[in-house]
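Please find below a colleague's note on the model shown here. The points are numbered so that each may be checked against the coordinates.

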Amino acid sequence: MDYFAGHRDEASLFTKSMTNLSVATAVDVAAVLDTKGVKLAMDVRGAAGDVVRAMMKANPELHGGVFDLPHIVPAAAEAAQADGLAERFTVVGGDFFEEVPVADLYVLKYILHDWDDDGCVRILKNCRSSLVDGGRVAVVDQLVGRIGEPGLAPVLAENPIHPGGRRWLATAELRPTLTPGRLR
Ligand SMILES: C[S@@+](CC[C@H](N)C(=O)[O-])C[C@H]1O[C@@H](n2cnc3c(N)ncnc32)[C@H](O)[C@@H]1O
């Protein structure tokens, strides 16, 4: 069971901490990720949806949504309302190990590093199953660079925060988890 389901105040603090971590990156993601022609971008495990909201601000045609645990998604709906995006925004509560809502673009930001290869494959297979034909999955994560390169990821690589979680990814490590998930 999710600890935060029984500790709502702490859940709210955690979601806010995700926003602090994600706001700056979200603007960069929105700048590089082409959403032209995308009908619905779903921020999978999106917390308050900072990434998808930044994408929606960058593309006024884009509809977006957050898929997260049922007790987390109201924070995303509130944030979208505050941004004036409510009419183009949707939230869905659920468990991404069961299934994810249909979309033609999924964003997985700061997600895959939390899981071992089997977990990553399960997540990606669920995305593939619900993905509209021709759709895409965008993985946004910190990559472990060469030893000696500055950055947070090498430090975090030594300190996995999720029980059973994987190391942070080196670029080449992502490919084997994409293939069984039937993504390329
Ligand atoms: C590390 S945070 C990432 C948040 C966001 N993607 C970002 O980068 O700001 C992980 C999120 O996954 C959600 N979560 C945890 N277990 C989940 C599950 N089984 N199904 C869906 N969401 C889940 C948590 O509520 C949390 O918001």
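1. Where is the place of Tyr110? In this predicted model, Tyr110 sits in the loop between S4 and H4. Its phi is near 55°, a positive value in a residue other than glycine. Most residues other than glycine have a negative phi.

2. Ala47 belongs to the loop between S1 and H2 and, although it is not a glycine, has a positive phi of about 55°. With 26 other C-beta atoms within 10 Å, Ala47 is buried.

3. The ligand is surrounded by 15 residues, and the closest are Met18, Ser22, Arg45, Ala47 and Tyr110. By class, the shell around the ligand comprises seven nonpolar, two polar and six charged residues.

4. The sheet is open and consists of five strands with parallel pairing, in the order S3-S2-S1-S4-S5. Strand S3 (89–93) and strand S5 (131–140) are the edge strands; each has a single partner strand, so one side of each is left without a neighbour in the sheet. From one strand to the next, the twist averages 20°.

5. Two of the strand pairings may be examined individually. S1 and S2 are joined in the parallel sense over five bridges, and Asp43 stands opposite Val66 in S2. Strand S4 (residues 103–109) runs parallel to S5 and is joined to it by six bridges; Ala103 stands opposite Leu131 in S5. Helix H4 (residues 117–130) packs on the sheet, where it touches strand S1 (40–44), S4 and S5, and its direction makes about 150° with that of S5.

6. Helix H3 (residues 73–82) lies across strand S2 (63–68) and S3. The angle at which H3 runs to S3 is about 175°.

7. The axes of helix H1 (residues 8–32) and helix H2 (residues 50–58) come within 8 Å, crossing at roughly 35°. This crossing of H1 and H2 is right-handed. On the H1 side the contact includes Thr19, Ser22, Val23 and Ala26, and on the H2 side it includes Asp50, Val51, Ala54 and Met55. The contact of H1 with H2 is made up of 10 nonpolar, two polar and two charged residues. Ser22 of H1, part of this contact, is also one of the closest residues to the ligand.

8. How many residues of H2 are buried? Seven of its nine residues are, and H2 is thus mostly covered. Among the buried residues of H2 are Asp50, Arg53 and Met56. The cover over the buried residues of H2 includes H1, S1, S2, H3 and S4.

9. Val102 has 14 other C-beta atoms within 10 Å and is partly exposed. Leaving aside neighbours within four places in sequence, Val102 is in contact with Ser130 and Val132. The C-alpha atoms of Val102 and Ser129 are separated by 8.6 Å, although these residues are 27 residues apart along the chain.

Terms used: Residues are numbered from 1 along each chain as its sequence is written. This is a predicted model: local features need pLDDT of at least 70, side-chain atom pairs count only at pLDDT 80 or more; totals for chains, interfaces and linings use all residues. Two strands pair if DSSP finds at least two bridges between them. Helices (H or I, at least four residues) and strands (E, at least two) are DSSP runs, numbered from the N terminus. Axes are lines fitted to C-alpha atoms, for helices over the stretch in contact, and angles run from 0 to 180 degrees between N-to-C directions. Two residues are in contact if their C-beta atoms, placed from the backbone, lie within 7 Å. A residue is near a molecule or strand if its C-beta atom, placed from the backbone, lies within 6 Å of it. Ala, Val, Leu, Ile, Met, Phe, Trp, Tyr, Cys and Pro count as nonpolar, Asp, Glu, Lys and Arg as charged, and the others, Gly among them, as polar. A crossing is left-handed if the near helix is turned anticlockwise from the far one by less than a right angle, and right-handed if clockwise. A residue is buried if 20 or more other C-beta atoms lie within 10 Å of its own, exposed if 12 or fewer, and partly exposed in between; C-beta atoms are placed from the backbone.
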